[in-house]
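Please walk through this model with the sequence and the coordinates side by side. The paragraphs below go from the overall fold to the ligand site, then to the core and a few individual residues.

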Amino acid sequence: MTSLYSRFCNSSIGRKWIVALTGLALIAYVIGHMIGNLQIFMGRERINAYAETLHSMGPLLWAVRAFLLAAFVVHIVVTIQLTAENRRARPERYSVKEERRAGAASKSMIISGLIVLSFVVYHLLHFTTNTTNPEFKVLEDAKGRHDVYAMVIHGFQNPLVAWFYITGMFLLCLHLSHGFQSFLQTIGANSKKTAPVFDAGSRLLAWFIFAGYTAIPAAVLLHLLHT
Ligand code: HEM
């Protein structure tokens with residue numbers, strides 16, 4: 001059983017599945033987090049109550065955080081291993097043009113992935129630990145709860161921060177769009193017939209996520225959301 005598992009993890013196809021499945025878990029979180037965040041448009045009461053419910057989950061919240069962190073780390077480490085393997089293998093059956101295209105796609109995935117990683121680190125320091133803005137820690141609403149509504153609005157009232165988020169989410173969506181397509185390839189769902197439909201679907205989903213997230217800093221910049 002152990003040797004079957006280690007053979008799977010050490011094979012190229014096994015690694016592709018690991019990247020695909022961890023990517024899927026991360027995308028599920030990104031969609032869930034976006035839906036949660038969009039509640040800001042329903043007002044202070046709604047988003048603050050939502051944040052408090054999440055925080056009151058205690059051990060379950062920590063289990064989800066640990067799972068996400070593990071998925072994130074494994075996704076990155078196994079992707080690096082796969083890229084290194086692909087560089088070493090350089091299959092001869094690819095034409096120079098195809099090889100160049102595949103190389104450019106994987107390079108752009110690595111670059112967008114690294115920028116998304118730095119975005120997430122900044123985001124955690126900004127809205128979760130409040131390290132970048134300790135004044136956010138003491139924001140309280142009339143019911144004595146952490147005022148997430150005010151924190152997000154104050155956060156995006158700085159245009160530099162708002163544009164940093166928008167750029168980070170644009171790169172996240174480029175990454176997701178290509179990621180969905182690779183996922184479908186790995187699970188064998190892509191054929192000549194289905195590829196154009198799946199490509200369009202992947203792009204649509206990525207843009208939908210971009211629009212959902214960007215709506216928040218954009219609404220603050222346009223003074224549609226204010227404290
Ligand atoms: C407009 C965009 C976004 C807004 C307004 C936003 C808002 C927030 C807020 C308010 C928190 C802290 C929640 C709390 O502790 O009460 C948070 C945490 C977090 N966000 Fe975002 N977020 C955005 C985009 C993203 C994106 C694109 C990702 C992932 C790629 C992401 C990943 C996370 C993670 C991992 C946490 C930590 C969750 C935890 O503490 O368990 N966020 N976000």
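How many helices and how many strands are there in the protein chain? The protein chain has 8 helices and 0 strands, where helices (H or I, at least four residues) and strands (E, at least two) are DSSP runs numbered from the N terminus. Read from the N terminus on, the order of elements is α-α-α-α-α-α-α-α, and the C-alpha trace spans about 65 × 40 × 30 Å along its principal axes. This is a predicted model, in which local features need pLDDT of at least 70 and side-chain atom pairs count only at pLDDT 80 or more, whereas totals for chains, interfaces and linings use all residues. Residues are numbered from 1 along each chain as its sequence is written, and side-chain values use heavy atoms, with hydrogens and water left out. Of the 227 residues in the protein chain, 35% are buried; here buried means under 20% relative accessible area, exposed means over 50%, and partly exposed lies in between (1.4 Å probe, protein chains only).

The ligand is surrounded by 20 residues, of which His33, Asn37, His55, Arg65 and His123 are the closest; a residue counts as near if one of its heavy atoms lies within 4 Å of the molecule. By residue type this shell divides into 14 nonpolar, 5 polar and 1 charged, with Ala, Val, Leu, Ile, Met, Phe, Trp, Tyr, Cys and Pro taken as nonpolar, Asp, Glu, Lys and Arg as charged, and the others, Gly among them, as polar. The elements that give two or more residues to the shell are α2 (12-37), α3 (44-55), α5 (96-128), α6 (148-156), α7 (159-186) and α8 (195-221), and α5 gives the most, with 6 residues.

Which protein atoms are donors of the iron atom of the ligand? They are NE2 of His33 and NE2 of His123, lying 1.9 to 2.0 Å from the iron atom; donors are N, O and S atoms within 2.8 Å of the metal (3.2 Å for Na, K and Ca), and sites may look incomplete because water is not among the atoms. The iron site has 6 donor atoms, with angles of 87 to 179° among them, and is octahedral. For six donors, that label requires opposite donors to be over 155 degrees apart and all others between 65 and 115. Because His33 lies in helix α2 and His123 in helix α5, the pair ties together parts that are 90 residues apart in sequence. His33 is partly exposed, at 24% relative accessible area, while His123 is buried at 17%.

A nonpolar core is a set of buried Ala, Val, Leu, Ile, Met, Phe, Trp, Tyr and Cys residues joined through side-chain atoms within 4.5 Å. The largest one has 35 residues, and Phe156, Leu176 and Leu225 touch the most other members. Two or more residues come from each of α2, α3, α5, α6, α7 and α8, and the largest share, 9 residues, comes from α7. In soluble globular proteins, nonpolar side chains tend to be buried together.

Some individual residues complete the picture.

Most residues other than glycine have a negative phi. Asn130, in the loop between α5 and α6, has a positive phi of about 60° although it is not a glycine, and Asn130 is buried at 4% relative accessible area. His223, in the segment after α8, also has a positive phi of about 60°, but His223 is exposed at 63%.

How values were computed. Four donors count as tetrahedral if all angles lie between 85 and 135 degrees; four count as square planar and six as octahedral if opposite donors are over 155 degrees apart and all others between 65 and 115; anything else is irregular.
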